[in-house]
Structure formats: structure tokens, C-alpha cells
Amino acid sequence: KARLHTKKMGHSIIYKKEVTSTQEVAHELARNGAEEGTVVVAETQQKGKGRLNREWHSPSGTGLWFSLILRPDVIPQKAPQLTLLTAVAVTEGIMEATGIQAQIKWPNDILIDDKKTAGILTEMQSEPDRVQAVIIGIGLNINQQAEHFPAELLTKATSLALENDGTTFQRADVISAILKRIEQWYFHFLQYGFKEIRKRWESLAVTIGKEITAVTMTKTVSGLAEGITEDGVLLLKKQDGTTEYIYSADID
Ligand code: BTN
């Protein structure tokens, strides 16, 4: 707590040595009325969840695995904006705490030197027209060394320490910087909306302005990534001049 520089985020921190997933714990707390800003951190997760039903590897002691409860008074359709907000905040928090340059890969992977170092998973509890809670899960590789990664992942994944000649970081400093940025952007979002955040997201994104290939559930589309919409949908301009809206995909 001494290191926190926030009014709300992380003022209630639930620390667990071992959980199935911090998302599950946070969902349960949110259903029981936990206040906005509550954070659940675990040393290790047995069944860390990634996007698209993937597994998230969460070894003990080396990374930050945490979930944050927010209660914005918005319609459910606005929730994806909070994922993009979080991507901006995590990227800025990493850069502030470590001095390492980080970027966003659409929709919300955080890359250093083109390798993934963090991921974000947003889930929601809502009524048809009102959000009750948004559970934002953040997984960040911090102090893993090369031998901690399966060989086939080393070309695709990294940690802050690996990008810092193996020198490790204090996890508390990193989470504190991230929570500070989330809080700043979240208060901004509630007061002024998404416009500035979208601009900031686009300026931090590797994806924008590049020729990319998006592999969706049903097809593969190539084109120029032009930007994102208000809702975080990726705009892909194809060779024939038409624009494709990409809602969910893997990007190469
Ligand atoms: C992704 O890139 O696929 C998102 C990964 C999100 C992982 C974090 S770790 C903390 C929280 N608890 C989970 O089970 N998942 C998220």
C-alpha cells in the first residue's frame, strides 16, 4: 500500500498465494458487492484464462497475475472501450516503471521488441442495459528468464527482465505504475469519454498503418490497418479499396 499512488484502484487488495484464476475470484467478489477498484492478485494460477478460451501460463513468483473490478455506469456495449483503455494504461505503466519501450498489438496484447509481454482479458457482469461490474484481468511477464519459457514460445513471448539484460524488477513498482495509469484514464473516460483514449491507443499501437493479415473464425483477410472505431473494431483497407471491419482475429 505504501507504494500506491491512487485514490481508488487497489485500495482493497486481495492477495492469494494460489487460485484457479484471479478472474474467478474477482467475479465472485463482484457478485457479492465488492467495491470498484478492488484488485485480486495471485502468486500463481492453476488455470489462468487467456482470450479466446486459451490457457494463460502463470508460474509462481515471476509475473503479475491480477484482476481489477470496475463499476462504470455505462451500457454493456461500452465495455470493450475499457479493454483498450487498459491496454494504454498497461503500456504506459510498463514504460514508466521500467523505461522500456512497449507497444500495443490489436486488440490488446502488449509487446516489447515485437514479443508479447502482457495480455488483457475483460469480462462483464451486466443487465441488458447496464453494466454491473467489469472484471479486467491482466497478465504480465516480469521476471522470467529465458529458461522459464517453453522453447517454442521464446520467439513470440518475453518478460520485462529478458528485455532488460536479465535484470529483474520489483513487481510492486510495476503494478503501482499500472494502477495509477488505469485510474487516470478511467476517471478521464468517465468524465470525457473515449476520444482521447482512442487517439492514445492508436499512437501506441504497432498494428496501425501497417499491412497485416487478420485470421478470423471464418476467413483470412489482408490489408492496411487504418485505425480502430469507437468500439475498438479494427478497420482493414483491402486491395480493392473496400474496408473490412475486424471484430475478433489473430493478427500476423
Ligand atoms: C490474453 O492475452 O489472452 C489475456 C491474458 C490474461 C491473463 C490474466 S492473468 C490474471 C487474470 N486471470 C486470468 O485467469 N486471466 C487474466
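P107 sits in the loop between β6 (103-105) and β7 (109-112); helices (H or I, at least four residues) and strands (E, at least two) are DSSP runs, numbered from the N terminus. A cis peptide bond, with omega about 0°, joins W106 to P107. This is a predicted model, in which local features need pLDDT of at least 70 and side-chain atom pairs count only at pLDDT 80 or more, while totals for chains, interfaces and linings use all residues. Residues are numbered from 1 along each chain as its sequence is written.

**Domains and their contact**

- The domain assignment of the protein gives domain 1 (13-204) and domain 2 (211-251); such bounds come from an automatic or database domain assignment.
- The centres of domain 1 and domain 2, taken over C-alpha atoms, are 24 Å apart.
- Seven residues of domain 2 are in contact with 11 residues of domain 1, where contact requires the C-beta atoms of two residues, placed from the backbone, to lie within 7 Å.
- On the side of domain 1 that touches domain 2, the elements giving two or more residues are α2 (79-98) and α4 (195-204).
- The largest share of that side, four residues, comes from α2.
- By type, the residues of that side of domain 1 are six nonpolar, two polar and three charged. Here Ala, Val, Leu, Ile, Met, Phe, Trp, Tyr, Cys and Pro count as nonpolar, Asp, Glu, Lys and Arg as charged, and the others, Gly among them, as polar.

**The nonpolar core**

- The largest nonpolar core has 66 residues, and those with the most contacts inside it are F66, L85, V90 and V174. Such a core is a set of buried Ala, Val, Leu, Ile, Met, Phe, Trp, Tyr and Cys residues joined through C-beta atoms within 7 Å.
- A residue counts as buried if 20 or more other C-beta atoms lie within 10 Å of its own, as exposed if 12 or fewer do, and as partly exposed in between, with C-beta atoms placed from the backbone.
- Helix α2 gives the largest share of this core, 10 residues.
- The core lies between domain 1 (13-204) and domain 2 (211-251), because both give residues to it.
- Leaving aside residues up to four places away in sequence, V90 touches I110, A118, I120, I138 and I178.

- Strand β2 (residues 39-45) is largely enclosed by the rest of the structure, because five of its seven residues are buried.
- Strand β1 (residues 13-19) pairs with β2 in the parallel sense over six bridges; two strands pair if DSSP finds at least two bridges between them.
- I13 stands opposite V39 in β2, and I14 has V40 as its bridge partner in β2.
- From β1 the chain passes through helix α1 (residues 22-31) to β2, in a right-handed β-α-β crossover. Right-handed is said when, with the strands pointing away from the viewer, the path from the first strand over the helix to the second runs clockwise.
- β2 and strand β5 (residues 63-70) run antiparallel and are joined by four bridges. In β5, S67 is the bridge partner of V40.
- Helix α1 has T22, Q23, V25, A26, H27 and A30 as its buried residues. These buried residues pack against β1, β2, β3 (48-49), β5, β8 (115-127) and β9 (130-141).
- Just after α1, G33 has a positive phi of about 90°.

**The five-stranded open sheet**

- An open sheet is formed by five strands in the order β13-β12-β11-β10-β14, with antiparallel pairing.
- Its edge strands, β13 (243-246) and β14 (250-251), each pair on one side only.
- Strand β10 (residues 211-215) and strand β11 (residues 220-228) run antiparallel and are joined by five bridges. Within this pair, I212 stands opposite G223 in β11.

**Loop residues with positive phi**

- L52 is not a glycine, yet has a positive phi of about 55°. L52 lies in the loop between β3 and β4 (55-56).
- L52 is exposed because 9 other C-beta atoms lie within 10 Å.
- D114 is likewise not a glycine and has a positive phi of about 70°. The loop between β7 and β8 holds D114.
- D114 is exposed, with 11 other C-beta atoms within 10 Å.
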